Amino acid sequence: MRKAYKLEELDCANCAAKMECDINKLDGVNDARISFMTQKLVIDTEPDRLDSILDQAQKICSKYEPDCVIVR
Amino acid sequence: MNKKQKHTLIRLIVGFALYAVALLLPIDSWFPHPQSLYIELVVFLVPYLVVGYDVLLRAARNIVNGQIFDENFLMSIATLGAFALVLFPDTEQHFSEGAAVMLFYQVGELFQSYAVGKSRQSIKEMMDIAPEFANIEQDGELVQVDPYEVGVGDTIIVKPGERIPLDGIILEGKSQLDTAALTGESMPRSVADGDEVISGCVNLSGKITVRVTRPFEDSTVSRILELVENASEKKARTENFITRFARYYTPAVVIVAALLAVIPPLLLWQPWADWIQRALVFLVVSCPCALVISVPLSFFGGIGGASRLGILVKGGNYLEALAHAETVVFDKTGTLTNGTFSVVAVHGQQGVDSQKLLSYAAHAEAYSDHPIALSIREAYLGTIDPARIGETEEISGHGIRTYVDKEPVYVGNAKLLSEANIPVEDCELVGTILHVASGSHYLGHIVIADQVKPDAKEAIESLHRVGVSHTVMLTGDRRDVAAAVAAELGLDEFVAECLPQDKVEKVEELMATSDSGKGKLAFVGDGINDAPVLTRADIGIAMGALGSDAAIEAADVVLMDDKPTRIATAISLARKTMRIVWQNIVFALGVKFAVLVLAVVGIATMWLAVFADVGVAILAILNAMRCMHFKE
């Protein structure tokens, strides 16, 4: 299942690339894309694991950009 | 500017003022050496901290998170390093540079975020075709409601000057529609009751009442917006290459910087201060921001600019492929030709008026719904009088035998007439020839053909002009018809009598024999029953897709109107985008490597390094913003 989320306070393009790379490595994520231009995260995953994966993704985002928030 | 940016701007202004004061204070003459040094250090630290405290904080936080190669950290090290040279009081000091580097870095960052925000916004504005409300009638009064709330079958009213909120059919009223936002076509389109209208068009002249045929989520406007929004997900190869490159570039530069700071002083007894300074220059240049921002921005801008011309590109990867298009394969019907039959010539025998000929044919074909019959009735200017028509017999594969005004009339191919022993005349034109005879007199013939679009020839010419080396037409038509069209349009190759299932095979064959192996093949179809080919080709282009879901689904590039000239426009737009992308890559890397080399030999200053970092990023962003604007 693919879902799109808005990313707030995503200011650094390089960080966005790093986040995308790390989120893709998460267990249970089939595919993840971050578009710096549209400030969106699109994530393809199993519906029942979505919540825990989003939590982990938020952690990754905060690691690179402390202010960056995934709007759920 | 948003709040965060304004806040930074104020800090920068204050920082600048304090920095100017620090520069002007004659501390050297007030205090003896080396005390003056320490005082100067403090004086410059004030503007430095005002401007850069957030960078230092973020750097510290990122180290805790295990992020060492992050730009905040690198900037902190580079600038603090400049201050740390105070440990070598006998060398030249760089406090002012340390503070200035932070200052300019922050100016650059602010400008970058402003420019990116600005281009995000202008692309959003460009795509501002989403209607805000729909008018519905409630108790005799017009009420504005959210288009989401309107259901299929509801009646909405669109006043002049308003945007049509949902797809539907006109129940009442006549008007002109401006479709420019969807198709890029500036000529208004006239509509009247019974016509389909598409959301996103602007109603220009008259009030129209529309019955909604699709919910807002499925309306054309929503689909287009979704498509363009999602386009930035599919990244181009160049884009992926840059992010991968960035992952190695920064650590590599930092490692070299570390070696540079340590090895020459340790092994070659060089002065520490000098080499540390060179290493600091390296750190400033190590951020790949110029590339990671400008490359996606270029693709995003290019896709946005294309959509304004009615060319929807579903991803950066397709834009990139389009730029390398070498072969363009057309499906004939519906792309190069209108896909509808029409009368192209009426050749009456001596003394037979062409309308009279058409009158016989139209009466004979009065009850048929064959496309050929439709085209004849359309070409006949008079009205059909059913009373004139007698017993009619349709002879399959031959034509029609009937009575008009009690006289036997034959309308059909040469076989039909020769069976009735009526001699026919051949025609030099290509198409379907319909002979007409009344009694035993041959009256003449009507030529019916699928008409070539008015700009089809120009489309092929402009494709050749932009560097497409091979144009091919596939068609199920007879060889002579195909050859005539191909010659008229100047196509390089055509394949006639090509069944739908053969098209995939033929396209694969063409892909295998492409000239250089690097060139891409684009297939242009109308989206009707050529979905497999659209998917198989490197780039599937669907034309005249306004309102056709199947085409939008299957294609990689969607042309909203049905003008084949748009293909060349799309290719040159893609080429322009790629040119800008490569300009930025070469420029950014060129400047950075040049500064790195100059740093090693000790010529590059911190100032130059800051330019190579933020200066280059800003120039690259400005250059990338050009992608949004494309003139045909």
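The model is predicted, so local features were considered at pLDDT of at least 70 and side-chain atom pairs at pLDDT 80 or more, whereas totals for chains, interfaces and linings use all residues. Residues are numbered from 1 along each chain as its sequence is written, and chains are lettered from A in the order in which they are written.

Chain B contains 22 helices and 22 strands, taken as DSSP runs numbered from the N terminus (helices H or I, at least four residues; strands E, at least two). The C-alpha trace of chain B spans about 125 × 65 × 40 Å along its principal axes. Of the 632 residues, 46% are buried (20 or more other C-beta atoms within 10 Å of the residue's own; exposed, 12 or fewer; partly exposed, in between; C-beta atoms placed from the backbone).

Helices α10 (residues 289-308) and α22 (residues 606-624) of chain B pack at about 5°, with axes 9 Å apart; axes are lines fitted to C-alpha atoms over the stretch in contact, and angles run from 0 to 180 degrees between N-to-C directions. The two helices, α10(B) and α22(B), are therefore roughly parallel (under 35 degrees). Residues in this contact include I293(B) and L297(B) of α10(B), and A617(B) and I621(B) of α22(B); contact requires C-beta atoms, placed from the backbone, within 7 Å. By class, the contact has nine nonpolar, four polar and no charged residues (nonpolar: Ala, Val, Leu, Ile, Met, Phe, Trp, Tyr, Cys and Pro; charged: Asp, Glu, Lys and Arg; polar: the others, Gly among them).

In helix α17 (residues 479-489) of chain B, A482(B), V485(B), A486(B) and L489(B) are buried. Seen down the axis of α17(B), these buried residues fall within an arc of 100°, so they line one face; the arc is that of the directions from the helix axis to the C-beta atoms. The face turned away carries the exposed residues D480(B) and A487(B). Elements covering the buried residues of α17(B) include β17 (441-452) and α16 (456-465) of chain B.

The contact between the chains takes 13 residues from chain A and 17 residues from chain B. On the side of chain A, α1(A) gives the largest share, three residues.

Methods:
Angles under 35 degrees count as roughly parallel, over 145 as roughly antiparallel, 65 to 115 as roughly perpendicular and the rest as oblique. Two residues are in contact if their C-beta atoms, placed from the backbone, lie within 7 Å.
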